[in-house]
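Please look over the model shown here.

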Amino acid sequence: MPEPVGSLVAQSGLPAGGRVFSDALKLAVMPTRAVIRLQLGARSQKSAGSLRIAGRPLPLPINRWNGEDPVIARISPDTWLLTSAWHDADELLPAVRTGCGRRSFAVTDISDSLVTISIEGALAPALLARGCGIDVSAESFGNDACARTRLASLAVVLRRIAADRFECLVERPAAQWLHEWMEDVASGLVP
Amino acid sequence: MYKRQGRERFVVTTTSGGASRVAAWLEEWRQCEWPGLEVFVTPVTTHWATFAIAGPRARQLLARFRTDIAYDWRALPHMSLREGRFAGVPARLYRVSFSGELGYEINVPARYGAALWAELMKAGVDFGVTPYGIETVLLLRLEKGYLHVGADTDGTTTPDDVGWGEVAAKRKGDFIGRRSLARPDNRREDRLQLVGLTDANGDALVAGAHLRLPGTTAGSDGWVTSASHSPALGKVIALALLRGGRARMGQRVAVHDLDRRCEALVVPTTFLDPEGKRLHA
């Protein structure tokens, strides 16, 4: 009788590292250990301003984000997304539950649902403009902006981190395809 | 399929490709019709990799993996769920079957999906494991008479039309569709009802073929919704929506497909293992 299988190795199935097209455009699949979706009930949303997750307040304006790790983004009236490159969901979930206290809420680990792709460089807005309907100019989509939108017809969460750096969260089954789409667009943008 | 994970937590699994549509539909009801309900809907389809492990040796295959989930027939009977660790990773193990065989579905976080698939194939060599696709599962479910929503039903089909009338009638209180079930037209005896059809040759017994009852010379009395040759039974079997079908067991109907014609026998929808011995093994 063979030894029972006791461990599995995680595989992303995605390109490792990043791809530098030029100083003006770099693509990279970012390590993301945890993605947690927090939803607050209608009454609890009113007191969201006093809610703290690991000591940090939730962003209150819709389509805004704050924090470093975890990043907390409000992506709809009742939904916040927490992403972390350093912490596992098992570490973050208790902090979220404690922070929510007796409010009406739901917290769900969706760490394996989403993949983060970084788009960096002066040409990053131009790449996004090829497949995204929203205006990602600095005036409209500032450094603390995030949005649920579509990129290359796929549902994504887009977040601006700096003047020339964005992160895009896309569903895992579509990540490879979107990355290839970005590479294809990038090859047309960079001489 | 609805699975209860806790007092206030449910998982809904849908037909392939229907998850986004069903999630949007649930959101619509939650936001537009019952905004006062403190209910949250979270799509988790892409978080989990799911494998169906079906067949009489499915349990032996599971035994090749380290797990703290009890899955013998007593601990995990048909239509039940347990959570724990499987091969060292978080997992949900469902006892469920769309093939009519002893069956499990295992969920692991998606990042472990490729590794689990490889290990299942490797460990399954001793049991003759083989991947099976949609065509196979559609034949297996047809032999069991499990309906395929959208193929064996359409927008006019009621629970009673497919033999679930008593289940729906037991539900107390209000629910979506209750009023429709009470409409006189939906309670007629001569509605299109799901039945089984079989024929030894049955070259016209194909999905989409129309049915005519004895004495009918024009128009249609129903149609074949699913059909296939069953190697296990050695004949062609089909599911069909037939006018007043449940009262016609043992009768023969004419089957017309373009210029082909045959006769088929009206039978119950479960062709194989009607006692469920394989399912509950």
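## Helix H4 of chain B

Helices (H or I, at least four residues) and strands (E, at least two) are DSSP runs, numbered from the N terminus. This is a predicted model: local features need pLDDT of at least 70, side-chain atom pairs count only at pLDDT 80 or more, and totals for chains, interfaces and linings use all residues. Residues are numbered from 1 along each chain as its sequence is written, while chains are lettered from A and ligands numbered from 1 in the order in which they are written.

Which residues of helix H4 (residues 134–144) of chain B are buried? They are B:Leu140, B:Leu142 and B:Lys144. Buried here requires 20 or more other C-beta atoms within 10 Å of the residue's own, with C-beta atoms placed from the backbone. The cover over these residues includes strand E9 (222–230) and strand E10 (235–243) of chain B.

## Two domains in chain A

Chain A splits into domain 1 (15–32 + 112–191) and domain 2 (33–110). The bounds come from an automatic or database domain assignment. The C-alpha centres of the two domains lie 23 Å apart.

Domain 1 and domain 2 of chain A each give 13 residues to their contact. Contact means C-beta atoms, placed from the backbone, within 7 Å. On the domain 1 side, E11(A) supplies the largest share, 3 residues.

## Chain B against chain A

Here chain B contributes 22 residues and chain A 24 residues. Helix H3 (residues 113–123) of chain B brings the largest share of the chain B side, 5 residues.

Technical notes
Two residues are in contact if their C-beta atoms, placed from the backbone, lie within 7 Å. A residue is buried if 20 or more other C-beta atoms lie within 10 Å of its own, exposed if 12 or fewer, and partly exposed in between; C-beta atoms are placed from the backbone.
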